[in-house]
Amino acid sequence: MPPTTHPRWYALPLLALGAAGFAAAWMLLALALDRQCAWLAPLAALDMVLLLRMARWPAGPTRAAWAAVATALVIVAANFLIIAGQVGENFGLRPWESACLIGPHYAWLLAGLAIDRADLLLFASGVLAATWAGFSGRRPAPSTR
């Protein structure tokens, strides 16, 4: 089957669904372990690129950009849900209930207290891995003429 040169219509809904699922799984693991689990950021990046590859999105700058944006959104959403889960636990609320009640300034304050430099390095490596992996892919062999 020849490689496609245009994106599939279902690639972005698949990417959104995969990003939401990964953020939810990250939140559950972090709340269960009572850790930030920043090491999941590079895995999220690879998952986002894999989803775009499965949808046959062609390798290049657009796939790299979508993978990097999706990875950054997973990182932000997972950390917001982790914060909401930890705050909501004190009030008997579920993470999604607490997420609707806490404001962005309070979440930013708590994120500043919970996230250290090693976590930020892992988050940045995740976004960079998504960008790099988005550019890589099968390319047609050069012509022998």
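I began with Thr71, which counts as buried because its relative accessibility is 0%, and the cut-off for buried is under 20%. The model is a predicted one.

**Thr71**

I looked up where Thr71 sits and found it in helix 3. I then checked what its side chain reaches: the backbone oxygen of Ala67, at 2.7 Å. Leaving out residues up to four places away in sequence, I listed the residues that Thr71 touches as Ala41, Ala44, Ala45, Met48, Gly126, Val127 and Ala130.

**Overall layout**

I counted six helices and zero strands in the protein. Read from the N terminus, the order of elements is α-α-α-α-α-α. I took the box filled by the C-alpha atoms along the principal axes and noted roughly 70 × 30 × 25 Å. Of the 145 residues in the protein, 37% are buried. I also looked at contacts with a separation of 6 or more, and 73% of them are between residues 24 or more positions apart.

**Largest nonpolar core**

I went on to the largest nonpolar core, which has 37 residues. The residues with the most contacts inside this core are Phe22, Trp26, Met48, Val74 and Phe123. Which elements give two or more residues to this core? I noted helix 1 (11-33), helix 2 (40-54), helix 3, helix 5 and helix 6. Helix 3 supplies the largest share, nine residues. For background, I wrote down that nonpolar side chains tend to be buried together in soluble globular proteins.

Setting aside neighbours within four places in sequence, I found Phe123 in contact with Trp26, Ala38, Ala41, Ile75, Asn79 and Ile115. Ala41 is on this list, and Thr71 touches Ala41 too.

**Second largest pocket**

I next looked up the second largest pocket and recorded a volume of about 320 Å³. Its lining consists of 13 residues. Which of them lie nearest the centre of the pocket? I noted Val76, Asn79, Trp108, Ala111 and Ile115. The elements giving two or more residues to the lining are helix 3 (61-91), helix 5 (104-114) and helix 6 (117-135).

Asn79 and Ile115 lie among the residues nearest the pocket centre, and both are in contact with Phe123.

How values were computed: Residues are numbered from 1 along each chain as its sequence is written. This is a predicted model: local features need pLDDT of at least 70, side-chain atom pairs count only at pLDDT 80 or more; totals for chains, interfaces and linings use all residues. Side-chain values use heavy atoms; hydrogens and water are left out. On a 1 Å grid over the protein atoms alone, a cavity is a set of points where a 1.4 Å probe fits but cannot get out, and a pocket is an open set with protein on both sides within 12 Å along at least five of seven lines; lining residues have an atom within 4 Å of a point. Grid points are joined across faces, edges and corners, and a volume is the space filled by probe spheres set on the points. Helices (H or I, at least four residues) and strands (E, at least two) are DSSP runs, numbered from the N terminus. A nonpolar core is a set of buried Ala, Val, Leu, Ile, Met, Phe, Trp, Tyr and Cys residues joined through side-chain atoms within 4.5 Å. Buried means under 20% relative accessible area, exposed over 50%, partly exposed in between (1.4 Å probe, protein chains only). Contact means heavy atoms within 4.5 Å. A polar contact is a pair of N or O atoms within 3.5 Å; within protein, one must be able to donate a hydrogen and the other to accept it, and residues adjacent in sequence count only if both atoms are side-chain atoms.
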